[in-house]
Amino acid sequence: MKTARPWHIVVFLAPAVIIYSLFSALPLLDTLRLGFYTSNDAGVHSFVGLDNYRTILFDSDWSSAFWNAMWNNVKFFCIHMLLQNPIGLLLATLFSLKGLRGARTYRTLIFLPTLLSVVIIGFIWQLIISPLWGVGEKLMTLVGLGNYFAPFLGQESTALFTLSLISVWQYIGIPMMLIYAALLAVPEEILEAAHAEGASAMRIFWQIKLPLIWPTLGLVTILTFVANFNAFDLIYSVKGALAGPNYSSDLLGTFFYRTFFGYQAQIGSPTMGAAVATLMFLVILAGVGAYFYLVQRKLTRYEL
C-alpha cells in the first residue's frame, strides 16, 4: 500500500521559504562570510580570518567607538525596560478595567504615534524642545519647571536619554496593546471566583493576572531587546550619522552605518561593516538565547 505524500505542504510552504531564503537567510550568510575578508583599493577581496573582529574589538582606533556604541545601546535598552514596559503594563491594566469611559479613544491616541514615520516623530520633537523656537521651554515654565529647561539634544549628558524618551513615547503603544490583549484573555471564571472569596483588586492583579500574563511580558521584553539593539532610524533622523554631540548618542546601528557606507572623512568598508553587522547579530542572538534558556524554559514548566 502506497503512502500518500503530502505534496500540498511543500507547495504551500515553497513561496515563504523561497522569499525568506532570498531576502533574509542568504544575505545573512553572505554578511557572515564577508566579515572574514578585506578589500583593497581595486575592490578585490582577500581572506583575513578574524582580523576584522580583532581590529574592531581591540584596536584603539576602532574599539573605543564600538564599545561606546555598545554601552549606549545597553543604556537605551535599559531605559525602555524601566519606563516603556512598566508604563505599558500600567496603561493596559487601566484599560482592561470594566466601565472605564473613553478607553477606546485613549488606546487609539496612545497607539497612534506608533503608526507615524520615525522621521516625522524626530522632526516634531526637535521643534518642540528646540531652545530657539520650540514650545518646550514655555510648557515647562507653565508647570513651574522652566529653570530646568536646557538644550537636551545638544548636551552629551542628556542627548541619549532624551532620544530614549522620544522612542518610549512613540512605541509605548506596542507593549500596551500586547499586554492588554493578554489581560483580556484571563478567564473570567477565575476572576469571579477571586471576587467571591473577597480578594481585593490589587491582590487579584498581583496573584492572579500578573502570573498568567508572564509569557506575554517575556515576549514584550525580547521584542524590546531586539528592537533596541537594531535601533538606527530615530538617532539618524535627529542627530545624523555622527550621533552627536561627540558620539554621545551613538548606537550600534549608527556605528555600522558609518563603518559600511562611510561618512564625511571616514571611508566606508563593506568588509568591516559586515564584521560590525555580524557582531550585532551575535549580541542579539546571545540575548535571545539567554532569554529562551533562562526565562522561557521556566515559563513553559510553569504552564505545564
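T278 has a relative accessibility of 7%, under the 20% limit, and so counts as buried. This comes from a predicted model. T278 belongs to helix α14, which covers residues 270-303. When neighbours within four places in sequence are set aside, the contacts of T278 are T31, L32 and Y53.

## Nonpolar cores

The largest nonpolar core contains 22 residues. Within this core, L89, I179 and I213 have the most contacts. At least two residues of the core come from each of α3 (60-95), α8, α9 (188-196), α10 (201-212) and α11 (214-228). Helix α8 contributes the most, with 5 residues.

I213 touches L89, I179, A182, L183 and V186, leaving out residues up to four places away in sequence. Another core, of 19 residues, lies apart from the largest one. Its members include I56, F225, F229 and L252.

## Packing of α4 against α8

Helix α8 (residues 173-184) also meets helix α4 (residues 103-115): their axes come within 8 Å and cross at roughly 130 degrees. The two helices, α4 and α8, are therefore oblique to each other.

On the α4 side, the contact is made by R107, I110, F111 and T114. The α8 side supplies G173, I174, M176, M177 and Y180. Sorted by type, the residues of this contact are 6 nonpolar, 2 polar and 1 charged.

Methods: Residues numbered from 1 in each chain as written. Predicted model: local features only at pLDDT ≥ 70, side-chain atom pairs only at ≥ 80, totals over all residues. Heavy atoms only, no water. Axes fitted to C-alpha atoms, helices over the stretch in contact; angles between N-to-C directions. Helix = DSSP H or I, 4+ residues; strand = E, 2+ residues; numbered from the N terminus. Parallel < 35°, antiparallel > 145°, perpendicular 65-115°, else oblique. Contact = heavy atoms within 4.5 Å. Nonpolar A, V, L, I, M, F, W, Y, C, P; charged D, E, K, R; others polar. Buried < 20%, exposed > 50% of the residue type's maximum accessible area, 1.4 Å probe, protein only. Core = buried A, V, L, I, M, F, W, Y, C linked by side-chain atoms within 4.5 Å.
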